[in-house]
Every structure is written in C-alpha cells, then in structure tokens.
Amino acid sequence: MARTVGIGHQDFEKLRMKNNFYIDKTDFIREWWDADDEVTLITRPRRFGKTLTMSMVEKFFSVNHAGRSELFEGLSIWKEERFRKLQGTFPVLSVSFADVKETSFTQARKAICHIIKGIYNAHDFLLKSDLLNDHEKADFQHISVDMEDHEASVSLKALSNYLSRYYGKKVIKMLRFRYSLGDA
C-alpha cells in the first residue's frame, strides 16, 4: 500500500502514527547525544525540517513519552539497545516562540509571557510536590502575562532547575525562534 507523502508536518508523533512517508533522520539523535555538546544551534533554510527534528528529539527523550517505542521501532535509532534504554527517560523543556509575530515590543512581550505561563501551567504538578520551598512556590505562582521583565528573563531557567531537581536528571532544553529579515 502506498504511503502518503505529507508536506509541512511538524509533529513527529502524528507523522509516525499516520504512517506517513518519513525519511529516517533519527541518526541525528545518536550524533547529537554522542557529541555531548552543551549547546546545539540548528540553522537551516525554511522547510528543512528543523521543527520536525525538534519534535523527534522531544518525543525520544521526554519522560512524557516514556514507553512509546512504537514511535521509533523500525528506525535507525532503535537498533542500538543503549538508545532504546534512553527513550523516555529525561525531562524535556521544549519552547517555541515561532508564533510570536506581533509588530510591537509590548505585544510581542505579552505573547512571550503568555507562552511561558502556559509552560508553567503544564508543569504545575511541581507545586503539589514537596520539592519547592515556599519562596519558590510563590515565584512559580507569580508567573503571568504581566510579570516583570526580570521574572520573565529567569523563568525558564528556574523551571529547568525545578524539573532537574524533581527528576534527578539534567533537563534537555529546546528553544525555537522564527525570525524574519523583512524585505531587506
């Protein structure tokens, strides 16, 4: 049976579950992991699969996708047992600012703060744990669309710290930005 060649897919899980045609890029995971880099910057022209690659990495490592071997079975990364054991074992903080397209600083800042607030909401289970002290819980609950600049600037680092302490592992952080040079 012919497989659909989807164009513009950005979610690795959806692509795999729909059995769309997919050129296996999971060797990127192996190369990236083995390089042990502190920071990796992926720059490519539009339509080169940057977002899909980030989605693939997130689905591979994230504790939220533990036990999802069906996403990777039959792909290159699944051939090595050491990587099968890594799947779903890390906290992943994946943040995309790609949809921030406002034309003023004030509106762009609000959109960014809204995204950060949503990420905090997704991790509000931390508030129910005994991990955070009272000051950290207050800081956590103070994250809002109207937070101060200094709060926004440290918010993702703080959340990464909380997640690292909660899971006892280093957090894999992925940030996505979209920029436009306009008509330059």
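In α5, a helix of 18 residues, the buried residues are Ala108, Arg109, Ala111, Cys113, Ile116, Ile119 and Tyr120. Buried here means under 20% relative accessible area, exposed over 50% and partly exposed in between, with a 1.4 Å probe and protein chains only. Helices (H or I, at least four residues) and strands (E, at least two) are DSSP runs, numbered from the N terminus. An α-helix has 3.6 residues a turn, so residues three or four places apart point the same way. The buried residues of α5 pack against β1, α7 and α8. At 1.5 Å a residue, α5 should span 26 Å, and its end C-alpha atoms are 26 Å apart, which agrees. The expected span is 1.5 Å times one less than the number of residues in the helix.

This is a predicted model, in which local features need pLDDT of at least 70 and side-chain atom pairs count only at pLDDT 80 or more, while totals for chains, interfaces and linings use all residues. Residues are numbered from 1 along each chain as its sequence is written, and side-chain values use heavy atoms, with hydrogens and water left out.

**Overall arrangement**

The protein has eight helices and two strands, in the order α-α-α-α-β-α-α-α-α-β along the sequence. Of its 184 residues, 36% are buried. Contact means heavy atoms within 4.5 Å. Among contacts between residues at least 6 apart in sequence, 70% join residues at least 24 apart.

Arginine 109 lies in α5 and counts as buried at 19% relative accessibility. Not counting residues up to four places away in sequence, arginine 109 touches Val145, Met147, Glu148 and Asp149. Methionine 147 lies in the loop between α7 and α8 (149-167) and is buried, with a relative accessible area of 2%. Leaving aside neighbours within four places in sequence, methionine 147 is in contact with Arg109, Cys113, Ile116, His142 and Ala152.

Aspartate 146 is found in the loop between α7 and α8, but at 57% relative accessibility aspartate 146 counts as exposed. A polar contact of 2.7 Å joins its side chain to that of lysine 110. A polar contact is a pair of N or O atoms within 3.5 Å; within protein, one must be able to donate a hydrogen and the other to accept it, and residues adjacent in sequence count only if both atoms are side-chain atoms.

| Pair | Separation in sequence | C-alpha to C-alpha distance |
|---|---|---|
| Arginine 109 and valine 145 | 36 residues | 8.6 Å |
| Aspartate 146 and histidine 114 | 32 residues | 8.8 Å |
| Methionine 147 and lysine 117 | 30 residues | 9.5 Å |

Glutamate 136 is found in helix α7 (residues 134-142) and is buried, with a relative accessible area of 16%. Its side chain makes a polar contact of 2.8 Å with the side chain of arginine 165. Not counting residues up to four places away in sequence, glutamate 136 touches Leu131, Tyr162 and Arg165.

α3 is mostly covered, with ten of its twelve residues buried. The buried residues are Thr51, Leu52, Thr53, Met54, Ser55, Met56, Val57, Lys59, Phe60 and Phe61. What covers them includes α1 (12-17), α2 (27-35), α4 (81-86), β1 and β2. The twelve residues of α3 should span 16 Å at 1.5 Å a residue, and its end C-alpha atoms are 17 Å apart, which agrees.

The second largest pocket holds about 410 Å³ of space. On a 1 Å grid over the protein atoms alone, a pocket is an open set of points where a 1.4 Å probe fits, with protein on both sides within 12 Å along at least five of seven lines; lining residues have an atom within 4 Å of a point. Grid points are joined across faces, edges and corners, and the volume is the space filled by probe spheres set on the points.

The lining of this pocket has 16 residues, of which Thr51, Ser94, Val95, Ser96 and Arg176 lie nearest its centre. The elements that give two or more residues to the lining are α3 (50-61), β1 (92-96), α5 (105-122) and β2 (172-176). α3 gives the most, with five residues. By type, the lining divides into six nonpolar, five polar and five charged residues. Ala, Val, Leu, Ile, Met, Phe, Trp, Tyr, Cys and Pro count as nonpolar, Asp, Glu, Lys and Arg as charged, and the others, Gly among them, as polar.

**Aspartate 36**

Aspartate 36 is found in the loop between α2 and α3 and counts as exposed at 63% relative accessibility. Its phi is near 55 degrees, a positive value in a residue other than glycine.
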